[in-house]
Amino acid sequence: MTRRRLPPEERRRLLVDAAAELFAERDYPTVLMEDVAAAAGVSRALLYRHFPGKPDLFAAVYRQATAQLLVDTTLDPALPFTEQLTAGLDVHFDYFEANARTVIVANRLLAADPTIQSIITGELSELRERLLDALGAEGPARQLMSTVLMSWLTFVRVLTVEWLETPTCPRPVLRDICVGALLGAIEPLRAEQTGSTP
């Protein structure tokens, strides 16, 4: 039976999907390129034609997962900000728990990889802009709020990765910690904007 030739982008997507399943099931060092090729039903030569090495393949998996996470994380402007924030965190925690191995590899084993860092930075920057818009931050206060939000997003990521490795509290408590940390950090800024005393 002759294998149907796929357009390069479709073939690449199938390779990434096969790799994503393996990285989710097994520790990163144990996933071999030949395993991915076998799972995708292609030759190793074809896999290497698309991805020169395992770090490149993992980066493609992580980029695809991050893009989907951003699609899934939508803030509903009809809701109060705290409810938007809580809903967004729940989506992130769902993703982090479902993809724990991949998240830990990206934030631990490959944390210094410039491609992985670029993906993480891009995700955090997009989330920051969405939160700024949800808060209605404008003018000079937006820049300071932007800095606070990026610090908070980094805090949430670090805390959640630690929690995935060593769960030290129930997930609702983790969420409340993250929500409380942001609300406490931005309260002085919001009070200044409205001219009220915190």
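Predicted model: local features only at pLDDT ≥ 70, side-chain atom pairs only at ≥ 80, totals over all residues.
Phe58 has 0% relative accessibility, so this residue counts as buried.

Phe23, Tyr28, Phe58 and Tyr62 make up one aromatic cluster. A pair of aromatic rings is described by how far apart the centres are and by the angle of the planes. With ring centres required to lie within 6.5 Å, the structure has 5 aromatic pairs. In one of them, Phe23 and Tyr28, the ring centres are 5.6 Å apart and the planes stand at 15 degrees, so the pair is stacked. Both Phe23 and Tyr28 are buried. The rings of Phe23 and Phe58 have centres 5.2 Å apart, but their planes are at 80 degrees, so this pair is edge-to-face. Because Phe23 lies in helix 1 (residues 8-25) and Phe58 in helix 4 (residues 54-72), the pair ties together parts that are 35 residues apart in sequence.

Tyr28 also has a charged neighbour: Lys54 lies over the face of its ring, at 4.3 Å from the ring centre.

Helix 1 takes part in a helix packing as well. Helix 1 packs with helix 2 (residues 33-40) at an angle of about 120 degrees, and the two axes are 9 Å apart. The two helices are therefore oblique to each other, and the crossing of helix 1 and helix 2 is right-handed. On the side of helix 1, the contact is made by Leu15, Ala18, Ala19 and Leu22; on the side of helix 2, by Asp35, Val36, Ala39 and Ala40.

How values were computed: Residues numbered from 1 in each chain as written. Heavy atoms only, no water. Phe/Tyr/Trp six-rings, centres within 6.5 Å; stacked < 30°, edge-to-face > 60°. Buried < 20%, exposed > 50% of the residue type's maximum accessible area, 1.4 Å probe, protein only. Helix = DSSP H or I, 4+ residues; strand = E, 2+ residues; numbered from the N terminus. Lys NZ or Arg CZ within 6 Å of the ring centre and 35° of its normal. Axes fitted to C-alpha atoms, helices over the stretch in contact; angles between N-to-C directions. Parallel < 35°, antiparallel > 145°, perpendicular 65-115°, else oblique. Left-handed = near helix turned anticlockwise from the far one by under 90°. Contact = heavy atoms within 4.5 Å.
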